[in-house]
Amino acid sequence: MLNIIKSGIADQALVVRKAAFFTLGQFSEHLQPEISKFAPQILPVLFDFLHQLVVELKMGQPEPKHLERMFYALETYCENLEDNIVPHLPLLMDRLFETLDNNNSPRLRELALSAVASTATAAKEHMMPYFPRIVTIFQAYLVKECAEEANSLRIQAIDTLAAITREIGKENFIPLANDTMTYCLMMLSEGPDDPDIRRSIYNLMGALSKVVNESMAYVYPKIMDRVIESVISFEDILPIVQENAARSLYLEGEENGFDREIDLDNTDDEDDELDGFTAENDFVMEKEEAILALKEFATNTRSAFAPYLQSAFENVYKVINHPQDSIRKAAVETICEFVAALHRLGDTDGVRWASEIAMPKFVQIIRKDEERTVVIHLLEVMTDLLREIKTAAVPSQEISELIFNCIKDVLNAKMACQFNEPSEAGDEEDPEDSEYDEMLIENAGNLFPMFGLAIQPEQFSLYFGRIFNIFTNKLNKAKRNDSAEQRAFVYDVLADSVKSLGSCVVTYFDILCPLFIGGVSDKDAKVRKNCFFGLGELVLYAEEKSFETYPVILQTLSNAISKELNPSAMDNICGAVARLLVLNHEAVPLAQVLPVFLNHLPLCEDTEENDMILKAFCALYMKAHYSIVDFIEQMLAIVIDVLYKKQMPDKESTASAIEFVKEIRQQYPNKFNNVINSNQEVYAFVNSL
């Protein structure tokens, strides 16, 4: 397939080249990470094409008609390479700088600037060697006034600068922060009355908030009215019949003040007087970027944004029923971030107020919105919110019931967006529709365990019992249809739910244990991985209930570890063994288990499990000290390796790992020296801790 694309790019027929570039772009979007492995074969072809393009333009030849397709392929491929783009940066940037020559057309330079943005998104701080030259190029474009034909270049330059600002690193960009902010303020107050200009400036200011953080406090009084005006303006909505009908759809109570009180009823339904809407795209995009800028402000500037949080919440809430799905998605995402921001500020009353408004509305959107991508996105951001703030997001039993019934009904395909209209020709379901349907189910399933963490285990246990049969039915169907993805999904949800059940998992132990044990022999590696994880979690939270099953579980893991070839699945076998050790090391034959366990460490892919590996080491060190003396050097080397690679999942576990190293240094200096003196780089790193 790759050779076909490469030959297509070089084909003499225009239609073939266009198709080849488009196909490569699609592969880059949808075949990750596999397609990225072919960068050494693909990128030279694209670079050669870029260079040849510049040469031909200098010779007076016209720009090829497939220019946009070529840059689409280049951008999508580079952006998805992430760190793997670094070896290719020198040649890539040389080619892009060639296309940014002032003698080239504004359209070509605009496309090249967009490619620079995609490259920065992947390369991050590795863009620094090219940053001074990029800034010099920007100086010609970041001006107050420009010719009409250069306006699109100016807008793209602003967007590209925003992408670089987000990714190049705070310390690297801070010297330019004041000048960039001054330009933004000037363009908002004195620049052209152009929604696309305002959109790009909001984008850049959102990026700047990541750099200057709470120093945005001096900027907010100068910009907040303008940003809110963009959020609630009517310029993007043109009602077809009634002149003022669009306003009633999503903007109620504008003339009234808000004292932490929003009329939920007046945001629920579209006005009956309306026959439809048209939307001005530039104003829609301005509104969307204004909403997302508010989200970034809440994320990045903490107390500086606190005085504006309630007003921002109320105004974004007003557009939550906007007819454009992109606005609805931006609104729900931003409202979730506002709730999280209130939580981070310690505003308990504010979180409760916001949750009591947002959660019922979110449930209503999930039930009634006919656009699947909106519901998919909302389920995803709700999951992130519950993961972060937990119980604060579910302030009442009523909201708990609303969320649970909503999840259950999505799993049973009862939502408005899950009723597909049959095609006129009676064709089979569109594959893309089927993919969206699966994403709906999966996102609802992913929300369920996070919902469990937001309520008491006893309450979640009752909900788990009410929904368990839905998951087992889906699992049985997935087995009949030989659907590995669906099997993996069900096992994943059940495994993640164990932590939410806590000690209440003993009620379901006798059902879940054989379920997970049966799954560890599945032919699909992802299924096995999820079952190993679930088995470990089940033992950990069932505590004494699991002791009698230790021999069976240990034998299962022993059989698996001897033949497992998938790195991620192997990591989760190790994670399961670690949980058995943490809970009850006395039930584990250490002399047989520990050597095999340690020989499969450090973890290769699923580094989140490093926290549990460390806990196992600490438990053994504290409780089985004399049994592990011969293994201390190996354990120390593993912990140092994980620290060096920065593979501990969070600050707390990193601090614990450093304490473990220091403890070994103090108690076993000879063994400690044996490890650190084995390598000069290791020696320097450990002494820096």
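# Loops, helices and buried residues in a predicted model

The model is predicted, so local features are given only at pLDDT of at least 70 and side-chain atom pairs only at pLDDT 80 or more, whereas totals for chains, interfaces and linings use all residues. Residues are numbered from 1 along each chain as its sequence is written, and side-chain values use heavy atoms, with hydrogens and water left out.

## Backbone features in the loops

The phi angle of D482 is near 55 degrees, which is a positive value in a residue other than glycine. D482 is partly exposed, with a relative accessible area of 46%; under 20% would count as buried, over 50% as exposed, and partly exposed is what lies in between (1.4 Å probe, protein chains only). E543, which is not a glycine either, also has a positive phi, of about 50 degrees. This residue is placed in the loop between α23 (525-542) and α24 (550-561), and with a relative accessible area of 38% E543 is partly exposed. A further backbone feature concerns the peptide bond from L601 to P602, which is cis, with omega near 0 degrees. P602 belongs to the loop between α26 (590-599) and α27 (610-623).

## The protein as a whole

How many helices and strands does the protein contain? There are 31 helices and two strands. Of the 689 residues in the protein, 52% are buried. The protein exposes about 31,500 Å², and 48% of this area is supplied by carbon and sulfur atoms; accessible areas come from the Shrake-Rupley method with a 1.4 Å probe, and for residues only the protein chains shown count as cover. Among the contacts in the protein with a separation of 6 or more, 75% are made by residues 24 or more positions apart, a contact being heavy atoms within 4.5 Å.

## Two helices side by side

Helix α6 (residues 106-123) packs with helix α8 (residues 151-167) at an angle of about 10 degrees, and their axes are 8 Å apart. Axes are lines fitted to C-alpha atoms, for helices over the stretch in contact, and angles run from 0 to 180 degrees between N-to-C directions. The two helices, α6 and α8, are therefore roughly parallel to each other, since that term covers angles under 35 degrees, while over 145 is roughly antiparallel, 65 to 115 is roughly perpendicular and the rest is oblique. On the α6 side the contact includes P106, R109, E110 and L113, and on the α8 side it includes S152, L153, Q156 and A157. The residues of this contact divide into nine nonpolar, five polar and three charged, where Ala, Val, Leu, Ile, Met, Phe, Trp, Tyr, Cys and Pro count as nonpolar, Asp, Glu, Lys and Arg as charged, and the others, Gly among them, as polar.

## Buried residues and their partners

A298 is part of helix α13 (residues 281-301) and is buried, with a relative accessible area of 4%. L309 belongs to helix α14 (residues 306-317), and L309 is buried too, at 5%. L386, in helix α17 (residues 372-389), is buried with a relative accessible area of 0%.

Which residues does A298 touch, not counting residues up to four places away in sequence? A298 touches F305, E337, F338, A341 and R344.

| Pair | Apart in sequence | C-alpha to C-alpha |
|---|---|---|
| A298 and L309 | eleven residues | 7.5 Å |
| L309 and A341 | 32 residues | 8.4 Å |
| L386 and L447 | 61 residues | 8.2 Å |

## Cysteines

The structure holds zero disulfides, a disulfide being a pair of cysteine sulfur atoms within 2.5 Å. C417 is in no disulfide, and the nearest cysteine sulfur, that of C406, is 9.6 Å away. Is C417 buried or exposed? C417 is buried, with a relative accessible area of 3%. C604, in contrast, counts as exposed, at 56% relative accessibility. The cysteine sulfur closest to that of C604 belongs to C574 and is 8.6 Å away, which is too far for a bond.

Definitions and conventions:
Helices (H or I, at least four residues) and strands (E, at least two) are DSSP runs, numbered from the N terminus.
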